[in-house]
Amino acid sequence: MTAAIGRVAVLMGGWSSERQVSIWSGETVLAALQSEGFDTVAVDVRTPAELFALPSLGVSHAFNVLHGTGGEDGTVQAVLDLLGIRYPGCGVLASALAMDKLQTKRLWRAEGLPTADWRCVDSAEALAAAAEAFGYPLIVKPAADGSSVGISKIRAPGEVAAAWALARGDGATGQTVLAERFVPGAEYTCAVLGDQALPLIRIEPDGEFYDYNAKYLSDNTHYHCPAGLDPALERELQALSLKAFAVLGGRGWGRVDFLMADDRRPFLLEVNTLPGMTSHSLVPLAARTAGIAIGPLCRRLLETTMTEARG
């Protein structure tokens with residue numbers, strides 16, 4: 001199968017706020033594929049136009065780990081489709097839907113899947129009104145960024161303005177901002193590999209919630225896998241995660257994040273269609289717990305491109 005796949009471009013870097021995370025992921029994937037005997041080439045993508053040079057590298061496949069805007073929202077997937085280059089993971093539509101937390105929540109709510117109440121806010125004043133409606137604390141987040149970039153937990157009216165500014169960023173792209181009801185409880189994640197849900201991970205973040213520092217920089221965030229749940233409850237939550245992934249049209253691999261409230265009710269947070277593959281990342285951890293090392297994991301993902309229908 002390795003020879004049949006041919007040369008593989010590992011796409012890393014990108015132009016989003018998650019560029020450094022993407023480079024860390026790309027370095028991991030590159031080493032893993034090389035350990036499995038694949039002919040690889042690392043491509044540090046800095047602009048969308050550079051993608052159109054991929055055919056000149058003689059590649060038949062791409063392993064895309066361009067996290068965030070561009071790489072994860074369907075844009076890169078569309079270019080790869082146009083170029084006839086196969087890649088593991090979600091296609092254009094599922095990538096675009098999952099990148100937009102507002103559309104994701106709307107679809108889940110329409111399908112009867114649990115997710116916390118929310119409001120779209122377009123000003124600091126609207127955010128303050130949402131806080132009064134939902135109560136403090138309140139979660140504030142941009143609809144279209146990943147890796148917890150721009151997320152705040154506000155506890156008092158005096159924190160509203162700073163949270164609004166952080167979530168909105170520079171405002172140049174008309175960023176949609178969500179105010180979400182706070183759910184007290186523990187955060188979990190479920191990695192999806194094909195039609196299989198891998199063992200759940202319970203996240204014990206360094207700090208009040210699982211932000212960028214806790215995800216990628218801190219050594220004091222703890223990941224519990226196995227998660228220590230009752231087996232029947234874990235199977236129920238894995239089934240919920242697979243359904244949440246499928247509702248968006250997900251394929252290949254991904255990760256579904258959710259909170260479990262103190263009364264054991266789950267609330268879906270988001271789907272990551274290009275999860276991190278760094279030393280701190282969760283899909284490799286869940287795969288290891290299931291007996292799949294990083295090399296075979298990346299090989300298995302690439303091999304899905306030989307059988308999946310595209311589109």
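Here are some friendly notes on this predicted model, point by point.

1. Ground rules. Residues are numbered from 1 along each chain as its sequence is written, and side-chain values use heavy atoms, with hydrogens and water left out. As the model is predicted, local features need pLDDT of at least 70 and side-chain atom pairs count only at pLDDT 80 or more, while totals for chains, interfaces and linings use all residues.

2. The parallel sheet. Three strands form an open sheet in the order β2-β1-β3, with parallel pairing. β2 (40–45) and β3 (61–64) are at its edges with a single partner strand each, so one side of each has no neighbour in the sheet. From one strand to the next, the twist averages 30°. Strands here are DSSP runs of E of at least two residues and helices are runs of H or I of at least four, numbered from the N terminus; two strands pair if DSSP finds at least two bridges between them.

3. Around β1. Strand β1 (residues 8–13) pairs with β3 over 4 bridges in the parallel sense, and A9 stands opposite A62 there. With β2, β1 pairs in the parallel sense over 6 bridges, and L11 is opposite V43. Helix α2 (residues 19–35) lies across β1, β2 and β3, at about 155° to β1; such angles run from 0 to 180 degrees between N-to-C directions, with axes fitted to C-alpha atoms, for helices over the stretch in contact. Together, β1, α2 and β2 make a right-handed β-α-β unit (with the strands pointing away from the viewer, the path from the first strand over the helix to the second runs clockwise).

4. The antiparallel sheet. Another open sheet has 4 strands in the order β4-β7-β5-β6, with antiparallel pairing. Its edge strands, β4 (118–121) and β6 (152–154), each pair on one side only. The twist in this sheet averages 25° from one strand to the next. β4 and strand β7 (residues 177–181) share 4 bridges in the antiparallel sense, with W118 opposite E180. Helix α5 (residues 101–110) lies across β4, β5 and β7, running at about 150° to β4.

5. A helix worth a look. Why is helix α10 (residues 282–289) largely enclosed by the rest of the structure? Of its 8 residues, 6 are buried, so the rest of the structure largely encloses the helix. Buried means under 20% relative accessible area, exposed over 50%, and partly exposed in between, with a 1.4 Å probe and protein chains only. The buried residues are L282, V283, P284, L285, A286 and A287. They pack against β8 (185–193), β10 (201–204), β11 (222–224), β12 (253–261) and α11 (294–303), where contact means heavy atoms within 4.5 Å. Just after α10, G291 has a positive phi of about 90°.

6. Backbone points to check by eye. Most residues other than glycine have a negative phi, and most peptide bonds are trans. A cis peptide bond joins Y136 and P137, with omega about -5°; P137 is in the loop between α6 (124–134) and β5 (138–142). The bond from C225 to P226 is also cis, with omega near 10°, and P226 is in the loop between β11 and α9 (231–247). R264 is a residue other than glycine with a positive phi, near 75°. R264 sits in the loop between β12 and β13 (266–272) and is partly exposed, with a relative accessible area of 47%.
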